[in-house]
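Please follow the explanation below with the sequence and the structure in view.

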Amino acid sequence: MSVQKFVVGNFYDEAVLFPAVKKVRRAGYKLHDVFTPFPIHGLDQAMGLRDTSLHTAGFIYGITGTSTAVGFITWALTLDWPINFGGKPFFALPAWIPVTFELTVLFAAVGMVLTFCYLCQLAPFVKKDHFNPRSTDDTFVMAIECTEETNETEAKKFLESVGATEVTVMEKETGWWLGRYDHDTMRFQKSTNA
Amino acid sequence: MASLRYESQVRQPLVEGTKDYHQVTEDICRPVESKPSRLWWIGFLVSVALLLFGVLSVAMEVTYGTGQWNLNRTIGWGWDITNFVWWVGIGHAGTLISAILLLFRQGWRTGVNRAAEAMTIFAVMCAGQFPIWHMGRVWNAFFVLPYPNTRGPLWVNFNSPLLWDVFAISTYFTVSLLFWYSGLIPDLATLRDRAKKKWSKMFYGVASFGWTGSTKHWQRHEALSLVLAGLSTPLVLSVHTIVSFDFATSIVPGWHTTIFPPYFVAGAIFSGFAMVQTLLVVTRKVLSLEEYITLEHIDVMNKVIVLTGSIVGIAYLTELFMAWYSAVPYEWYAFKENRLNLNSPYGWSYWIMMGCNVLSPQIFWFRKMRRNLFVTFFMSILVNIGMWFERFVIIVTSIYRDYLPSSWSTYYTPTIWEVGFYLGTFGLFFTCYFLFSKYFPVIAIAEIKHILKKNAKNYKADMTPVENESLDAYAAKHVHDDHH
């Protein structure tokens, strides 16, 4: 959550982007992120990101739903207020399968979407910097984070050499803040050393 | 190239014309960013008028009770539940297209899934109205929820299919909405970043949740879509299964059959696809999206229609055979006298159903017919008329003749308020659809871009070198692709 300096380059072709990601990482630059208009399969591995555990979370939410349903219905219909429906057993598990199934799905889906929003820090009125608005259109935007050792001019040249175009140095807020996209809002003051 | 999966040139392109990523964005965003046409305004205002008439009809029903409808002692579920089942059925195609076809890796779904999912959500909204207002004392509607109450607490009956319905429909609506909206977020971000006007910057800014397109976010987004698809697949089957249980678990002749769950699910997909066709044949023309919703898409969906229509036909015949073969006199009477007999009070509805659902879709065995827009549109309407009559046949012809001939009730005709309520849901549905087609991208932009270099016409030639390569050479070059 701070304003940082990045060397930013644009790519227009996946065939150039993939080798570039490899080269940038091999050269030891700190790859901040690649912003793309659509999911590019294999880019996450190429960038060395670990696989997401969202599935596991979904599974846990799912079984929470299952046990909530079975537990609650069992308690309500066998302990709290057993009702005799035509002499059928109070513990009528087969008849509870539909509700149990629906709650499993409901818990898993709602839980996963909320977790997804939390992990990606997505919510209404959240505003973020993403370098180039065209990265939601047709451009793959690669951002290299400038650390103390990074020589910006060299990094710019390197990025150009691997196929990036319109390479610039930008200062961007890395986190999010509350704001609307029709206003120029900033959570922090931009650093003024530029 | 890891991002480029091989796709045979023999397959029809899914995107026509000469497209690059930017052109895709331009084409799909154009209807959102331009002023609505006169046709849009006319359609929208007609829908709103219908909706208002529906509101009036419901207000009459709430004020004076369900007596405003012509339901009677034997026909307790006339138009109202017919319409409920009809709308729920229509609401099945969207999830089928987006979930089941995603799992089956059917590339063509990308052109139609967004609009179909939207249609699903609106159809389920319409469906939900019917059981709710049918309760009569609608202010007590929350009694269907298991909440700690002062009546004991007396819990709801978890053994009842009607309660299963409450859970099934509400879960289905919630999950469909989440699935649809999570898919929309990246596309809304595209609109946000293109927005010029203050109002649209704000609207799409809020609606896109601050999406940036970060690779990590895409990775999670993909995982989310896949799991939601996996969850929705059994969900969509369960919903209409449970709706069919409303009938099948009773002992009413004509309802008491075990074939209902698969028969209802096939019928739901059938009518849902027909509604998708109705909407998309018009949408693609009006929004000039013919290059994205191609004749190929229409063709494939017509194949689904002829398949599911035939499944439904077999179900009708099986049901009929079993009614005779079971040797249960009441069951056979319901079929022979109430349905097959054209001279019986509702015999005509059975034959409309047979004609529209079983016979007429057979025209789609012919490729020329499948690719004819006029035929497709006409058939899609016919199928939905037939599917409405299917539910009418199931409900009314099964219950208008009771076990007790003295309580037989023929000639049930709906009142203006019953019809008005039905028309009102059309108003609701189309009002929502018109707003959706104006303010949201009707095609999933990111998903089209994802398949563009594989399935678009102008990229098909890129596959030539791959196709000319020997298998060994291809394997040697590409086998390690996924392990960067």
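The model is a predicted one. Within helix 1 of chain A, the residues Leu17(A), Phe18(A), Ala20(A), Val21(A) and Val24(A) are buried. The elements of chain A that cover these buried residues include strand 1 (3-11), strand 2 (30-35), helix 2 (43-46) and strand 4 (140-145). Just after helix 1 of chain A comes Gly28(A), with a positive phi of about 90 degrees.

Chain B contains 18 helices and 0 strands. Its radius of gyration is 24 Å, close to the 23 Å given by the globule rule for 484 residues, and chain B is therefore as compact as a globular protein of that length. The C-alpha trace of chain B spans about 80 × 50 × 50 Å along its principal axes. Of the 484 residues in chain B, 49% are buried. Among contacts in chain B with a separation of 6 or more, 82% are between residues 24 or more positions apart.

The two chains meet in a contact that takes 66 residues from chain A and 58 residues from chain B. On the side of chain B that touches chain A, at least two residues each come from helix 1 (21-33), helix 6 (161-194), helix 7 (198-207), helix 8 (215-248) and helix 16 (445-455) of chain B. Helix 8 of chain B gives the most to this side, with 16 residues. By class, the side of chain B that touches chain A has 27 nonpolar, 21 polar and 10 charged residues.

Key
Residues are numbered from 1 along each chain as its sequence is written. Chains are lettered from A and ligands numbered from 1 in the order in which they are written. This is a predicted model: local features need pLDDT of at least 70, side-chain atom pairs count only at pLDDT 80 or more; totals for chains, interfaces and linings use all residues. Two residues are in contact if their C-beta atoms, placed from the backbone, lie within 7 Å. Helices (H or I, at least four residues) and strands (E, at least two) are DSSP runs, numbered from the N terminus. Ala, Val, Leu, Ile, Met, Phe, Trp, Tyr, Cys and Pro count as nonpolar, Asp, Glu, Lys and Arg as charged, and the others, Gly among them, as polar. The radius of gyration is taken over C-alpha atoms; the globule rule is 2.2 Å times the number of residues to the power 0.38. A residue is buried if 20 or more other C-beta atoms lie within 10 Å of its own, exposed if 12 or fewer, and partly exposed in between; C-beta atoms are placed from the backbone.
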